[in-house]
Amino acid sequence: MNAQTKSSQERLSPLEFRKLIISEVAKALGEAVISAIEFEGPEIAVYVKNPKYIIENENKVKELAKKLRKRVVVRSDPKVRKSKEYTIKFILEHAPEDAGVDPSLMFFDEVLGEVRVLADKPGKLMGKGRKFATLVLAETGWRLVAQRRPPPPLPVEDVLTVFAHPVAQAPERKKALREIGERIFRETITNTRYIRVIGLGSFGEVGRSAILVDTGESRVLLDAGVAPESLGPQAFPYLDAPEFRVDELDAVVISHAHLDHVGILPLLFKYGFRGPVYMTLPTRDIAYILLKDYIDLAKREGVEPPYTLKEINTMLTRIITVPYGVVTDVAPNIKLTFYNAGHILGSAVVHLHIGQGLHNILYTGDIKYYRRKNDRALRLLPPAHDKFQRVETLILESTYGATEQPPRDKAEEDLIRLANEVYKRKGKLLIPVLAVGRAQDILAVLVNAIEKKSLPEDIPIYVDGMVRKITSIYTAYPELLSRPIAEAILKEGKNPFVAENVIWVNDSSKRMEVIESNEPCIILSTSGMMQGGPVIEYFKYLAEDPKNALVFVSYQAPGTLGRRILEGEREIEIAEDSKLRILKVKMEVVGIDGFSGHASRSELLFYLKNLEPKPRTIILNHGEPNALASLALSIKNRWESLGFQSAPNVIVPENLESIRLYPRTFKLHMI
Ligand SMILES: [Zn+2]
Ligand SMILES: [Zn+2]
């Protein structure tokens, strides 16, 4: 479609637009027996009575999507779908034997016409060139979707809840998708003349990320996080800002599943938001677990949780998952694309294309990037995506804007050396870890060291807390992990998180067994900053024996128990049987930097150097004031060596400041 028809398409009334879509679909897929065409969320869904035709003409669907510049999906008419019993039987009888399918792990999504199957080898099940999936669709009318079942002893339940959830909510989700579709493809009132960016949180600070992008015509919220230090409303972003109204919001876009980016999302639903939330599939799975845990955490700490399971469930009906690299309409004048951010599983750099070529915003969320080759050692995820078609404004995280991190390979060496020393003196090594990201990173490092015989073969590694649930989700998406790890899983059936010595602890009696045993061991447990969780139980018993060691592998926020111990506090008051006891810390305390999931200062600058094209405006957020100031100064001084043609406009705004982004040229400004 050329530029002229593109802009005229934006000005069509919804009725005219619908007519155009119907005639284009009819033209392109003439021989299919079309029974309905619906706007379902950001997708145009074409229902057909002869699914076989679509399978044989997949290219035509792709071409149509390209021509319309919309996501087009073809579904079978519910009337032609075979019964569930027949479909299960068909799959069981015809699936490749070693695919590992189980009839109790098959779910039917009637809204999408999908049969969702958890299998040991989803690739085998789908078949080469999706051969088996095609066969299932042709024979039963159901589209086969397969996902990896976590290998035992990892639990299947947590992957299952979210995997099967859409099925239970089918009628409500269908209604929601229609409403969302109508809103996305609505008639536009104004042409986009300006764009405003307002930080409701995470500007001038780390935590409670929430950024409002207002184009006059539409409003999108990037992230909806909480601050990590407290559980009350002071941890929420400024939802009472005059520019922010929940009922005017077109969409929420979530960069990744950490609570400082997603923690208050259900609260928006409590306030009446019913629009779509865009995120990647793993972000949805992980966020679901973390948000439920956030409710429990608040209860345990005696704080009224800001929302309940009810709002989390409403939220689930509105989530639209988008894979990396797929362009999706989120408002009449905004297109969204996610790219890998390298930070945690499913984390995304968010690209917004606003107006017809008016402006492009790139929001990094949290990113990891590498400068040295060695830093890639054992990384679970590939580095953040750095090549785009257009970027005028960059919103860049600056967590380590002022700090360098030691090389990754050195950090790994230090950890393994310490583990060996503690083992030799028959002590226990306690590692507090964040459940998402760092836990999997450290686990992979330890498993690898045992394989390479740089750690004793018989050393048990106990893993406690939420880590197990999240690790299950990591194993469900091997294709998103870095190449060597993905290949080991997919080709050799090897799992980087599972080894004979890795023992998953899931109850307090097992925990006591670990504590009371005389054997040396390694214990990984949440929470990462020792703000609660099973790590406290271990610490209570291990702290007073100098044979043991405590090692911090991630950032410890000011005021947390982790930070206090790391900074030298050796007498800790702890509650035990409702009494206070003074714990004397005699175990060795070590901090190892270099495992961070955030780009270090030099990596952030290197990212800017490699970023194409160069933005004209750089907004720095997600950093302490000194980190933001230091990074801003470096960019201002070094823009030439970073490859910029002219000095970029570097801004470090405060929360609630409004930044107006002007269109690219005067001519576009007038359109
Ligand atoms: Zn994060
Ligand atoms: Zn963050």
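Here is a short walk through some features of this predicted model, point by point.

1. Ground rules. Residues are counted from 1 along each chain as its sequence is written, while chains are lettered from A and ligands numbered from 1 in the order in which they are written. Since the model is predicted, local features need pLDDT of at least 70 and side-chain atom pairs count only at pLDDT 80 or more, whereas totals for chains, interfaces and linings use all residues.

2. Domains. The protein chain splits into domain 1 (3–79), domain 2 (81–175), domain 3 (188–403 + 603–670) and domain 4 (408–591); these bounds come from an automatic or database domain assignment. Taken over C-alpha atoms, the centres of domain 3 and domain 4 are 31 Å apart. Across their boundary, 20 residues of domain 3 are in contact with 23 residues of domain 4 (contact: C-beta atoms, placed from the backbone, within 7 Å). On the domain 3 side, the touching residues are 13 nonpolar, two polar and five charged. For those classes, Ala, Val, Leu, Ile, Met, Phe, Trp, Tyr, Cys and Pro are nonpolar, Asp, Glu, Lys and Arg are charged, and the others, Gly among them, are polar.

3. A helix pair. Have a look at helix 5 (residues 84–94) and helix 7 (residues 131–140), which pack at about 145 degrees with axes 11 Å apart. Helices (H or I, at least four residues) and strands (E, at least two) are DSSP runs, numbered from the N terminus. Axes are lines fitted to C-alpha atoms, for helices over the stretch in contact, and angles run from 0 to 180 degrees between N-to-C directions. Helix 5 brings Tyr86, Thr87, Phe90, Ile91 and His94 to the contact, and helix 7 brings Leu135, Val136, Glu139 and Thr140. Sorted by class, that makes five nonpolar, three polar and one charged residues.

4. Helix 15. How far apart are the end C-alpha atoms of helix 15 (residues 438–451)? They are 20 Å apart, which agrees with the 20 Å that its 14 residues should span at 1.5 Å a residue; the expected span is 1.5 Å times one less than the number of residues. Eleven of the 14 residues of helix 15 are buried, so the helix is largely enclosed by the rest of the structure. Buried takes 20 or more other C-beta atoms within 10 Å of a residue's own, exposed takes 12 or fewer, and partly exposed is in between, with C-beta atoms placed from the backbone. Among the buried ones are Ile442, Leu443, Val445 and Leu446, and also Arg438 and Asp441. The cover over these buried residues includes helix 14 (408–424), strand 18 (428–432), helix 16 (467–476) and strand 21 (521–525). Just after helix 15, Lys453 takes a positive phi of about 65 degrees.

5. Most residues other than glycine have a negative phi, and most peptide bonds are trans. Even so, Lys426, not a glycine, has a positive phi of about 60 degrees. Lys426 sits in the loop between helix 14 and strand 18 and counts as exposed because it has 12 C-beta neighbours inside 10 Å. Met530 also has a positive phi, of about 55 degrees, but it counts as buried, with 24 C-beta neighbours inside 10 Å. The bond from Thr526 to Ser527 is cis, with omega near 5 degrees. Another cis bond goes from Glu612 to Pro613, with omega near -10 degrees; Pro613 is in the loop between helix 21 (601–610) and strand 26 (617–621).

6. Distances along and across the chain. Glu217, in the loop between strand 8 (210–214) and strand 9 (219–222), is 114 residues from Ala331 along the chain, yet their C-alpha atoms are separated by 8.7 Å. Ser658, in strand 28 (residues 658–661), and Leu212 are 446 residues apart, with 9.5 Å between their C-alpha atoms. Ser658 is partly exposed, with 13 other C-beta atoms within 10 Å, and touches Arg196 and Ile198, leaving aside residues up to four places away in sequence. As for Asp293 of helix 12 (residues 281–300), 35 Å separates its C-alpha atom from that of Lys426, 133 residues away along the chain.

How values were computed
Contact = placed C-beta atoms within 7 Å.
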